[in-house]
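Here are some notes for a colleague who is opening this structure for the first time. They are set out as numbered points, to be read with the model in view.

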Amino acid sequence: MLTAAVRTFERIAIGDSIPSLVKWGKRVPTALADRLQRQAFREVVLYTARRQPFFARRLRERGIDPSRVRTPADLGDVYTSAEDLLRWPAEDFLCRAPQAVFESTGTSGAPKRVYFGYDELEASARHEAAALYQNGVRPGDRVVCAFDGGYWISSWVTFRACQQIGVFCSAIGKPHPRELYQRLAVYRYNVIIADPTWLVSLSEIAAARGTVPVKLIMAAGDRMSGVYRDYVQKVWNSPVVLGYGSTEAGGGVGMECRARCGYHLDEFNFLFEIVEPDGDGYGELVMTTLARRTQPLIRYRMRDVTRWIEGRCACGVRLRRIAPIKGRRDEMVVMGAGNLHPEMFERILHGVEGIADHWQVAVRQEGVRDILEFRLEPTDGIRLPAVQEAVFRNLENLYPEVWANHQCGMYRLEFRLLAPGTLEQGRKPRRLVDERQG
Ligand SMILES: [Zn+2]
């Protein structure tokens, strides 16, 4: 279901087919897209103010008249956060009777619950279908989707997206990778969709036992470092494109194209903002669900830190792009070294020999001095001076300002070697932690 303006536009200008939606993604004039977005934003704010107790309360507290809200800025500091979803009962967010519910596990453990109507799942699938089509998926291909099932949303949306393209799809949950490996040739899958770490495990099996012809791999569900992407691409001799989304977003909100330079966002269904940007434009991504009416989310803080990519993409799609996610807002640490993101340390530690994949970087404090502590698990025969030397070199080359702050004594670098297995963590390991008091 879409707002009146967008629905009319879609029906008249685009029609139902996925190829024509893709065509429109390339042709829609920016001014028209902006106007439709603004119109849809006003509609969803009015709708939600009338029906959603949580949002109505927020507006009342701030003395904001919803009929005067034209742009996100008119809402001041009114946002919706993950903490809000956890704190208040579902009834506080529901605007109509739901038809489906999905969960999203946070690092804190308690699941956030998000409700949908079937029409909303279809709308979400429609844009994932367009993104897959733009990436070359066509009827006649065979897609296998190994996103986790259960209360996770992505597997269902991907299955429906494939249905909308008319392409063969097995949504198999998340079995042991060898379960799929055994069936790759049997079912002649040539498009693989899964989360990054699972894809790496599957690729390790394939590297040892042989691959099958694959035309496209799509990875989503967590960040994928360049190292992992390169490895998977090499094993299968196939491009890996990344998707970005969440349960709160109803599945995917953005996907890379074959240019693999940032995620094209679904600006038909969402209005995005990047709030509190730093000097380089990096800030937290915030979304408003323009089309959802079951549990609309107004200015939902996605916690992910990114920035806009300016200019037109080589692929011709006009939907705006964001840069790869730098990290989660709550993983971003501001200290003597500068603004730190987990992704920085993935790059710094990449290729450093003698350490395991499990590592953590902590920011500590001794007196008034910030300390950046690398916690590393040695593999065989590690020599600390060699590791330190490699880290210093990478830091200096990759992040000269961070290194310069070290040279002028803004913080101290320390290294701690831990017994193997100490840092083995769950689904979303915390790479960067702030352990300073207060
Ligand atoms: Zn593109």
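1. Which residue forms a salt bridge with Arg-62, and how far apart are the closest N and O atoms? The partner is Asp-77, with the closest N and O atoms 2.8 Å apart. Arg-62 lies in helix H4, which spans residues 53-62, whereas Asp-77 belongs to the loop between H4 and helix H5 (82-87), so the pair ties together parts that are 15 residues apart in sequence. Please keep in mind, here and below, that this is a predicted model.

2. Both members of that pair can be described by their accessibility. Arg-62 has a relative accessibility of 36% and therefore counts as partly exposed, and Asp-77, with a relative accessible area of 47%, is partly exposed as well.

3. A search of the whole structure finds 30 salt bridges, and another of them joins Glu-373 to Arg-416, whose closest N and O atoms are 3.2 Å apart. This pair links distant parts of the chain, since Glu-373 sits in strand E19 (residues 369-378) and Arg-416 in strand E20 (residues 411-417), 43 residues apart. Glu-373 counts as buried at 4% relative accessibility, while Arg-416, at 39%, counts as partly exposed.

4. Strand E19 also contains Arg-375, and the side chain of Arg-375 meets that of Glu-435 in a salt bridge of 2.9 Å, taken from N to O. Because Glu-435 lies in the segment after strand E21 (432-434), the pair ties together parts that are 60 residues apart in sequence. Arg-375 is buried, with a relative accessibility of 8%, whereas Glu-435 is partly exposed, with a relative accessible area of 35%.

5. Which residues supply the protein donors of the zinc ion? They are Cys-257, Cys-313 and Cys-315, each through SG, together with His-264 through NE2, and these donors lie 2.1 to 2.3 Å from the ion. The angles among the 4 donor atoms run from 104 to 115°, and the site is tetrahedral. Along the sequence, the donor residues follow the spacing C-x6-H-x48-C-x1-C. Of these residues, Cys-257 and His-264 are both buried.

6. The surroundings of Cys-315 deserve a separate look. Cys-315 is placed in the loop between strand E13 (308-309) and strand E14 (321-322). Leaving aside residues up to four places away in sequence, Cys-315 touches Lys-26, Gln-134, Cys-257 and His-264.

7. The protein chain is divided into domain 1 (1-324) and domain 2 (332-434), and their C-alpha centres lie 32 Å apart. In the interface, 13 residues of domain 1 are in contact with 11 residues of domain 2. The size of an interface is often given as the accessible area lost when the parts come together. For domain 1 and domain 2 the buried area is about 960 Å², with 47% of it on carbon and sulfur atoms.

8. How many salt bridges does the rule find across the interface of domain 1 and domain 2? The number is 0, and this should be read beside the 30 salt bridges found in the whole structure.

Key:
Residues numbered from 1 in each chain as written. Predicted model: local features only at pLDDT ≥ 70, side-chain atom pairs only at ≥ 80, totals over all residues. Heavy atoms only, no water. Salt bridge = Lys/Arg side-chain N within 4 Å of Asp/Glu carboxyl O. Helix = DSSP H or I, 4+ residues; strand = E, 2+ residues; numbered from the N terminus. Buried < 20%, exposed > 50% of the residue type's maximum accessible area, 1.4 Å probe, protein only. Donors = N, O, S within 2.8 Å, 3.2 Å for Na, K, Ca; no water. Tetrahedral: all angles 85-135°; square planar, octahedral: opposite > 155°, others 65-115°. Domains from an automatic or database assignment. Contact = heavy atoms within 4.5 Å. Buried area = accessible area lost by both parts, 1.4 Å probe.
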